[in-house]
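Thanks for coming, everyone. Please bring the model up on your screens, and I will walk you through it.

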Amino acid sequence: MKVTKSSNTSVADTITVVAVMIQFQEDNSGLTSGNGKFDLSNKYFNPNTQRDTVIDSPPYDSAYFADHLLFLKNYYYKSSKGKLVLNTQLVGNVFNLPKQMQEYSPQKFENFLKMGEMFKDTWARVDSVVNFSNYNPDKTAFVIFHAGVGRDIDLASVIGYDPTPYDLPSIFMSLNLLKDIYGSNYNGYQTSEGLVIKNSLIIPSTELRELELISGNTLIEIGMNGVLVGNFGSFLGLPDLFDTKTGKTAIGRFGLMDGQSIFSYNGMFPPEPSAWEKIYLGWVQPI
């Protein structure tokens, strides 16, 4: 989806963001982070200071995800100078999928079929609870917040191997990607009210990662704000601005759609879209 509002109009473009929380069947596999369920502990909370001691610490509950949706809303409102308004809605239920996390995780040289099945399983369960009849499928972004840590950091280049290769990558599942998986005739998940869900942002509960190394336990502190706004940029139609074959950075922190930007300031404060990106989205007129 490409936003094409003229930059000289006073009418804001409004997009609805519907987010749901899903978790998996419990597991004790060392190949994934956690056990498939949302971490609802307060293990990083310091009672003396009444503050959390790490970035994006648990509990991963509805209040936590609502805060990240507020960041998403504020980020795009500020970056667009009010030309893009997000109406964010979080479904309060936690939905349980029928499989363990690793059964939805695509491995190297596999396509995204497993995540396509996760897409279908998620909306089949949400469909029984949420009334989708009032949503415009072409003006709605759907977000799936899932339990676990995102497989978004190249741990092999950091520590020499990936200890949890069955974590789920964070992706924007577009209609084109769904057609690549299920064929050109597939148009999305059709709800019982007749609305067709054509997209989903697959976003983890956290990028905070604990590693047990020979040298001792290490905590990698990364927030998920950048991952969230970057994948929403894909929903808006922004192209990746890095080498998608090698992952090598291109524009760096000079815009949004690059890994260095998404994980800028520990993933907490991604930069605004570059001038070119704002022109592409119709937010500004070049001089």
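Ground rules first. This is a predicted model, where local features need pLDDT of at least 70, side-chain atom pairs count only at pLDDT 80 or more, and totals for chains, interfaces and linings use all residues. Residues are numbered from 1 along each chain as its sequence is written, and side-chain values use heavy atoms, with hydrogens and water left out.

Now the pockets. The search runs on a 1 Å grid over the protein atoms alone. A pocket is an open set of points with protein on both sides within 12 Å along at least five of seven lines. A cavity is a set of points where a 1.4 Å probe fits but cannot get out. Lining residues have an atom within 4 Å of a point. Points are joined across faces, edges and corners, and a volume is the space filled by probe spheres set on the points.

How much space lies in the largest pocket? About 1,500 Å³. Its lining has 40 residues. Nearest the centre are Arg151, Asp152, Ser170, Phe242 and Gly247. By type, the lining divides into 18 nonpolar, 13 polar and 9 charged residues. Here nonpolar means Ala, Val, Leu, Ile, Met, Phe, Trp, Tyr, Cys and Pro; charged means Asp, Glu, Lys and Arg; the others, Gly among them, are polar.

Which elements supply at least two residues each to that lining? They are α3 (155–159), β6 (171–173), α5 (225–236) and α6 (259–262). The biggest giver is α5, with 4 residues. Helices (H or I, at least four residues) and strands (E, at least two) are DSSP runs, numbered from the N terminus.

Next, the second largest pocket. It holds about 630 Å³ of space. Of its 30 lining residues, Ser33, Gly34, Lys43, Val149 and Glu210 are closest to the centre. Two or more residues come from each of β5 (140–149), β9 (200–206), β10 (209–213) and β11 (216–220). Here β10 gives the most, with 5 residues. The lining divides into 12 nonpolar, 12 polar and 6 charged residues.

What about cavities? The whole structure has 1 cavity of 30 Å³ or more. The largest cavity has a volume of about 40 Å³. Its lining is Ser79, Ser80, Lys81, Lys83, Lys278, Trp283 and Val284. Keep Lys81 in mind.

On to helix α1, residues 62–79. The expected span of a helix is 1.5 Å times one less than its number of residues. For the 18 residues of α1 that gives 26 Å, and the end C-alpha atoms are 26 Å apart, which agrees.

Which residues of α1 are buried? Tyr64, Phe65, His68, Leu69, Leu72, Tyr75, Tyr76 and Ser79. They cover an arc of only 140 degrees around the axis, so they sit on the same side of α1. That arc is taken from the directions from the helix axis to the C-beta atoms. On the other side, Asp67 and Lys78 are exposed. Buried means under 20% relative accessible area, exposed over 50%, and partly exposed in between, with a 1.4 Å probe and protein chains only. The buried residues of α1 pack against β1 (13–23), β4 (84–96), β5, β9, α5 and α7 (275–280).

Helix α2 covers residues 113–126. Its 14 residues should span 20 Å, and its end C-alpha atoms are 20 Å apart, which agrees. Buried in α2 are Met115, Gly116, Met118, Phe119, Asp121, Thr122, Trp123 and Val126.

Now single residues. Asn231 is in helix α5. Asn231 counts as buried, at 10% relative accessibility. Leaving aside neighbours within four places in sequence, Asn231 is in contact (heavy atoms within 4.5 Å) with Ser170, Ile171, Phe172, Leu201 and Ile203. Ser170 is also one of the residues nearest the centre of the largest pocket.

Last, the backbone. Most residues other than glycine have a negative phi, and most peptide bonds are trans. The bond from Pro58 to Pro59 is cis, with omega near 15 degrees. Pro59 sits in the loop between β3 (51–52) and α1.

Back to Lys81, in the loop between α1 and β4. Its phi is positive, about 55 degrees, although Lys81 is not a glycine. Lys81 is exposed, with a relative accessible area of 67%. Asn266 also has a positive phi, near 55 degrees. Asn266 lies in the loop between α6 and α7. At 41% relative accessible area, Asn266 is partly exposed.

Notes
Contact means heavy atoms within 4.5 Å.
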